[in-house]
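Trainee: Could we go through this structure together? I would like to begin with the strands and then turn to the helices.

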Amino acid sequence: MRSVFDFAAEFGRDLRATWDTADGLLDAFPDASLATIEAFRPEREISLTEVTESVLAHGARLPRQRNSGTGFGQPPLTLYNDPDNRFFLELYLWSCVDMTIHDHQFTGAFVVLSGACRNDVFEFGVESSLTDLQFGAVSQVGSEQLGPGSARAITNGRSFIHRNLHLGRPTLTLVVRTLRDGVPGFIYDERGLAHDPGSTAPHQKQLDFLAGLLRFDTAAARSYLTRLVTGEKSATLAYYAMELYARATRGTDELERLLPVLAERFGPEASRLQEFLRVKHLDGQDTVPGAQE
């Protein structure tokens with residue numbers, strides 16, 4: 001019996017041949033991906049039962065896993081890697097609704113294998129930018145219901161901002177994608193903030209250390225936060241640190257204390273960012289650092 005990995009390998013080889021007829025141009029990859037999805041109809045070949053059996057059968061022989069530990073997918077499962085690392089195929093199992101509005105570092109396509117999702121499409125108008133942290137207006141421009149066999153192209157960067165609300169329990173999706181196209185991937189808050197969610201190991205350790213200090217010494221945590229935020233080049237890491245502190249202290253007085261720190265790091269956007277943190281804190285919403293590979 002053919003495993004889902006065998007199917008994915010055949011799919012991947014055919015996709016590569018199709019893409020090569022367009023000279024491997026990046027702009028041609030979404031159409032090549034959609035054409036291969038249409039030809040192979042993966043929704044007819046891949047089910048949760050077949051995935052489970054294939055994972056058990058392959059054991060330690062699984063393909064290199066690309067997104068393990070990122071928090072994207074519940075879980076993600078890499079099915080195939082192009083031998084030259086030009087693209088890979090990844091399956092996502094979704095058991096709860098993901099509200100994240102995001103764009104992509106990559107190009108390709110996705111298809112619903114089972115379950116259902118709502119694909120909401122957005123635009124973002126930049127009003128001011130701190131490179132990896134941007135303020136602007138998020139507006140929804142489309143929405144559609146997708147079921148098994150529904151496939152859509154993915155283009156990188158701000159050309160395709162969307163949110164997939166996974167309505168089935170579970171929903172299975174397959175993503176065909178390049179590795180990275182040299183553009184950052186942003187996460188968008190509907191209140192008007194876009195940030196690069198990429199977090200390096202040293203950056204994550206800085207946040208972990210701040211979280212540790214917050215458990216027993218708020219004053220020490222505040223001092224550490226001040227030095228971290230004012231000395232950190234990454235505006236997103238500075239924002240994550242501010243948000244972590246605001247969430248842990250749970251007090252508007254603490255946010256007022258932070259205004260001079262915000263002003264030193266974020267200049268004219270300090271008051272806007274303070275208000276954003278206050279509203280988000282009161283709404284009880286959390287942001288979790290992480291990145292799709």
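Trainee: Which residue in β6 does S128 stand opposite?

Mentor: S128 stands opposite F135 in β6. Please keep in mind that this is a predicted model.

Trainee: How many bridges pair β5 with β6, and in which sense?

Mentor: There are 12 bridges between strand β5, residues 117-129, and β6, and the sense is antiparallel. In the hairpin that these two strands form, three residues lie between the strands.

Trainee: What stands opposite F135 in β11?

Mentor: In β11, L193 stands opposite F135. Q134 has A194 of β11 as its bridge partner. Strand β6 (residues 133-146) and strand β11 (residues 193-195) are joined by three bridges and run antiparallel.

Trainee: Into what do the strands close, and in what order?

Mentor: Six strands close into a barrel, and the order is β3-β8-β5-β6-β11-β10. The pairing in this barrel is antiparallel. On average, neighbouring strands are turned by 40° against each other, with direction ignored.

Trainee: What holds paired strands together in general?

Mentor: The strands of a sheet pair through backbone hydrogen bonds, in either a parallel or an antiparallel manner.

Trainee: Next, the open sheet. What is its strand order?

Mentor: The open sheet is formed by five strands in the order β1-β2-β9-β4-β7, with antiparallel pairing. Its edge strands are β1 (76-81) and β7 (151-154), each of which pairs on one side only.

Trainee: Which residue in β2 is opposite T78?

Mentor: That residue is E90. Five bridges pair β1 with strand β2 (residues 87-94) in the antiparallel sense. Helix α1 packs on this sheet and touches β1, β2 and β9 (171-178). The direction of α1 makes about 55° with that of β1.

Trainee: Now the helix packing. At what angle do α5 and α6 cross?

Mentor: Helix α5 (residues 218-231) and helix α6 (residues 235-249) cross at roughly 165°, and their axes come within 10 Å. The two helices are therefore roughly antiparallel to each other. Their crossing is left-handed.

Trainee: Which residues make that contact?

Mentor: From α5 the contact uses T218, A221, R222, L225, L228 and V229, and from α6 it uses A238, A241, M242, Y245 and T249. By class, the residues of this contact are eight nonpolar, two polar and one charged.

Trainee: How does α6 pack with α8?

Mentor: The angle between α6 and helix α8 (residues 259-266) is about 175°, and their axes are 12 Å apart. That makes these two helices roughly antiparallel. A235, A238, Y239 and M242 of α6 make the contact with L262, R265 and F266 of α8. This contact has six nonpolar, no polar and one charged residues.

Trainee: And which strands does α6 lie across?

Mentor: α6 lies across β6 and β11, and it runs at about 115° to β11.

Technical notes
Residues numbered from 1 in each chain as written. Predicted model: local features only at pLDDT ≥ 70, side-chain atom pairs only at ≥ 80, totals over all residues. Heavy atoms only, no water. Axes fitted to C-alpha atoms, helices over the stretch in contact; angles between N-to-C directions. Helix = DSSP H or I, 4+ residues; strand = E, 2+ residues; numbered from the N terminus. Parallel < 35°, antiparallel > 145°, perpendicular 65-115°, else oblique. Left-handed = near helix turned anticlockwise from the far one by under 90°. Contact = heavy atoms within 4.5 Å. Nonpolar A, V, L, I, M, F, W, Y, C, P; charged D, E, K, R; others polar. Pairing = 2+ DSSP bridges.
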